[in-house]
Amino acid sequence: MLDENTPQSQLMLAVFLCRLVPGLNMDALSYVAGITALSAWRFCLASFAALLPYTLIVVAAGQQLVAFGSDSLAIVVIGLVAFSALAIVCKQHWPRRTARTKPGLEASP
C-alpha cells in the first residue's frame, strides 16, 4: 500500500504502469495520484511516456487508412461501425438467451 513516505520514483512508476493498462479508469488514477505525494511534473511525465505508444499507433493507423483512399476508408469505417453494433447487440442479447436455457428457470403459467 502506498503511504506518504513512498519515494517519488515508485509513485511515478505506478502511474506509468497504470496508464499502460487499457480500460483502466483514467479519472480514478488521476484522483489517486492527486491525493499522494507525487509531484505534478512527475505525474505529467509518467502519463505522457505511457500514453505515447498508444498515440503513435493510432496516428499510424490513421495514416494508413487515409493512404488507402476515400472508398477504402468509407468501407473500413462502415465495417467498424457494423462490428461495434454487432458486439453491442450480442452483449445485450447473450445474457437473456443463456438465462432462458438454464434448467429450472422455466416460466410458470
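In this structure, Val15, Cys18 and Arg19 of helix H1 meet Met26, Leu29, Ser30 and Ala33 of helix H2, where contact means heavy atoms within 4.5 Å. Sorted by class, this contact of H1 with H2 holds five nonpolar, one polar and one charged residues; Ala, Val, Leu, Ile, Met, Phe, Trp, Tyr, Cys and Pro count as nonpolar, Asp, Glu, Lys and Arg as charged, and the others, Gly among them, as polar. The model is a predicted one, in which local features need pLDDT of at least 70 and side-chain atom pairs count only at pLDDT 80 or more, while totals for chains, interfaces and linings use all residues. Residues are numbered from 1 along each chain as its sequence is written, and side-chain values use heavy atoms, with hydrogens and water left out.

The protein chain has four helices and zero strands, and its elements run α-α-α-α from the N terminus on. Helices (H or I, at least four residues) and strands (E, at least two) are DSSP runs, numbered from the N terminus. Of the 109 residues, 11% count as buried; buried means under 20% relative accessible area, exposed over 50%, and partly exposed in between, with a 1.4 Å probe and protein chains only. Among contacts between residues at least 6 apart in sequence, 65% join residues at least 24 apart.

Two packed helices are described by the angle between their axes and the distance between the axes. The axes of H1 and H2 (residues 26-34) come within 11 Å and cross at roughly 175 degrees. H1 is therefore roughly antiparallel to H2. Axes are lines fitted to C-alpha atoms, for helices over the stretch in contact, and angles run from 0 to 180 degrees between N-to-C directions. Angles under 35 degrees count as roughly parallel, over 145 as roughly antiparallel, 65 to 115 as roughly perpendicular and the rest as oblique.

How do H1 and H3 cross, and within what distance do their axes come? These axes come within 8 Å and cross at roughly 30 degrees, so H1 and H3 are roughly parallel to each other. On the H1 side, the residues in contact are Gln8, Ser9, Met12, Val15, Phe16, Arg19 and Leu20, and their partners in H3 include Phe43, Ala46, Ser47 and Tyr54. By class, the contact of H1 with H3 has eleven nonpolar, three polar and two charged residues.

The largest nonpolar core has seven residues: Leu11, Met12, Val15, Ala33, Leu38, Phe43 and Ala46. A nonpolar core is a set of buried Ala, Val, Leu, Ile, Met, Phe, Trp, Tyr and Cys residues joined through side-chain atoms within 4.5 Å. H1 (8-20) and H3 (40-68) each supply at least two residues of this core, and the largest share, three residues, comes from H1.

Serine 47, placed in H3, is buried, with a relative accessible area of 9%. Leaving aside residues up to four places away in sequence, serine 47 touches Val15 and Arg19. Threonine 6 lies in the segment before H1 and is buried, with a relative accessible area of 10%. From C-alpha to C-alpha, serine 39 and glutamine 8 are 7.6 Å apart in space and 31 residues apart in sequence.
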